[in-house]
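Student: I have a model open and would like to go through it with you. Could we start with the strands and then move on to the ligand?

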Amino acid sequence: MKVVLQHVTKQFPSLNKKSPEPVTAVRDFDYEIPDGKLIGLLGPSGCGKSTTLNMICGLLKPSSGKIFFGEDDVTDLPPENRGVGMVFQNYALYPHLTVRQNILFPLQNLKGKDKLSKEEMNAKAEEAARLVQIDALLDRKPAEMSGGQQQRVAIARALVKRPRVLLLDEPLSNLDARLRLQTREEIRRIQRETQITTIFVTHDQEEAMSISDQIVVMQAGEVHQIGRPQDVYDDPRNLFVAKFLGTPPINVFNGEVRDGELLIGGSAVLAVPGVKAQKVTVGVRPEGFVLEKDGPLCCSLQGVEVMGRDISVVSTHPDSLNVTIRSIISAENMAEVAAPDVRFALKPFKVFLFDAETGERIRFPLS
Ligand code: ADP
Ligand code: MG
């Protein structure tokens, strides 16, 4: 089921008496979510992710714009008639009910022609439990399970009615690091098996990048960029997106373009033909540095962290906007690193130029 957001905006009345301006939580969200895909809705806290999800499930009504499931306009449809499954950050299971009763719960309220027999309900609950691999734990109470298992129960409960759309709001943030990793792979597997259009909300870029078919990067209610994770990483539209994606994060410098050359700290570090003379903000991905004895970018070496296959060279530069510059270099080149200075050449397709004022991308051939 494709989900279409058509110029969706949500404003909340101001809670602050001193500034009566309404808060725009989501502004002009316009996007057709393709059928059967897993979409990562990504952005820092407060950027409008939950508001967007709550409008899709029907808990909130847009201030303007429309929402379609397939060809059906669901903008005014109450949540229970939309056929959505929702999972929240805090699993919100009923503590006094067993796992089986928790999963059965959404089926017990079905009325009229949708009403199911006890056997049918049990069969559906068991199928959902199998899908999330908790079918051996159906008689336990939530308190007798780990956080990861409880979250699986919550997912099974969201899946039991075979929703048209599955909505997950930061479903992994209460889990420890290892469980988070494992559970996100589970979610990917379940999504592939069921082919249910799924929207996964997170503030964790690595999480979104690793499981999504497409990511939507948001900030302060605005959609900045939509695309396949690798494409957005390789081709960010602006400085915010470039900085938000990637670990270690992108290295940012103050720079200047003069006569088709990019200067950092007065040294010409890269040819950028066709770019007019101006001050720029420069982003260099950690994998964009090449150790070179006479390389044009001269940094002060702070240390080297060995990470197995690669090494991370930590350095500083007066025009760096990050406290330290992190470059990822193949460990074979380690012998070339010697204090006090380290010199680099830059890989052009790993260097992005941005307007020093607006942060919008400035393109040059090869970038
Ligand atoms: P996220 O899920 O990305 O952290 P939210 O969608 O929860 O962000 O919130 C987006 C913005 O809308 C925030 O500035 C938040 O304070 C505001 N907001 C959310 N819900 C309400 C509400 N019910 N009333 C007023 N402001 C709200
Ligand atoms: Mg939220």
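Student: Which residue stands opposite Thr202 in β8?

Tutor: That residue is Leu42. Please keep in mind that this is a predicted model. Leu42 belongs to strand β3 (residues 38-42), which runs parallel to β8 and is joined to it by five bridges.

Student: And which residue stands opposite Thr198 in β8?

Tutor: Leu166 takes that place. Strand β7 (residues 165-169) pairs with β8 in the parallel sense, over five bridges.

Student: How many residues of β8 are buried?

Tutor: Six of the six residues in β8 (residues 197-202) are buried. One side carries Thr197, Ile199 and Val201, the other Thr198, Phe200 and Thr202, and both faces are covered. As a general point, side chains in a regular strand alternate between the two faces of the sheet.

Student: What share of the whole protein counts as buried?

Tutor: Of its 367 residues, 49% count as buried. The secondary structure comprises eight helices and 21 strands, and the C-alpha atoms fill a box of roughly 75 × 45 × 40 Å along the principal axes.

Student: Now the ligand. Which residues are around ligand 1?

Tutor: The shell consists of Phe12, Ala25, Pro44, Ser45, Gly46, Cys47, Gly48, Lys49, Ser50 and Thr51. By class, four are nonpolar, five are polar and one is charged. Helix α1 (residues 49-57) supplies the largest share of this shell, with three residues.

Student: What are the distances from the backbone to the oxygen atoms of ligand 1 at Gly46 and Cys47?

Tutor: For Gly46, a backbone N or O atom lies 2.6 Å from an oxygen atom of the ligand. The corresponding value for Cys47 is 3.2 Å. Gly48 also takes part, with a polar backbone atom 3.0 Å from an oxygen atom of ligand 1.

Student: How much of the accessible area of ligand 1 does the protein cover?

Tutor: The protein covers 63% of the 560 Å² that ligand 1 has on its own.

Student: Back to sheets. What is the strand order in the open sheet of five strands?

Tutor: The order is β15-β19-β16-β17-β18, and the pairing is antiparallel. β15 (289-291) and β18 (325-330) stand at the edges with a single partner strand each, so one side of each has no neighbour in the sheet. From one strand to the next, the twist averages 50°.

Student: How many bridges pair β16 with β17?

Tutor: Six bridges pair β16 (residues 297-306) with β17 (residues 310-316), in the antiparallel sense. Within that pair, Leu301 has Ser315 of β17 as its bridge partner.

Student: A backbone check, then. Is the peptide bond from Thr247 to Pro248 cis or trans?

Tutor: It is cis, with omega near -15°. Pro248 sits in the loop between α8 (239-244) and β11 (251-258). In general, most peptide bonds are trans, and most residues other than glycine have a negative phi.

Student: What is phi at Ala220 and at Asp259?

Tutor: Ala220 has a positive phi near 45°, and Asp259 has a positive phi near 50°. Ala220 is in the loop between β9 (214-219) and β10 (222-227), whereas Asp259 is in the loop between β11 and β12 (261-264).

Student: Why do they count as exposed, Ala220 and Asp259?

Tutor: The cut-off for exposed is over 50% relative accessible area. Ala220 counts as exposed because its relative accessibility is 53%. Asp259 counts as exposed because its value is 76%.

Definitions and conventions:
Residues numbered from 1 in each chain as written. Chains lettered and ligands numbered in written order. Predicted model: local features only at pLDDT ≥ 70, side-chain atom pairs only at ≥ 80, totals over all residues. Heavy atoms only, no water. Near = heavy atom within 4 Å. Polar contact = N/O pair within 3.5 Å; in protein donor to acceptor, adjacent residues only side chain to side chain. Areas by Shrake-Rupley, 256 points an atom, 1.4 Å probe, with all protein chains shown as cover. Helix = DSSP H or I, 4+ residues; strand = E, 2+ residues; numbered from the N terminus. Nonpolar A, V, L, I, M, F, W, Y, C, P; charged D, E, K, R; others polar. Pairing = 2+ DSSP bridges. Axes fitted to C-alpha atoms, helices over the stretch in contact; angles between N-to-C directions. Buried < 20%, exposed > 50% of the residue type's maximum accessible area, 1.4 Å probe, protein only.
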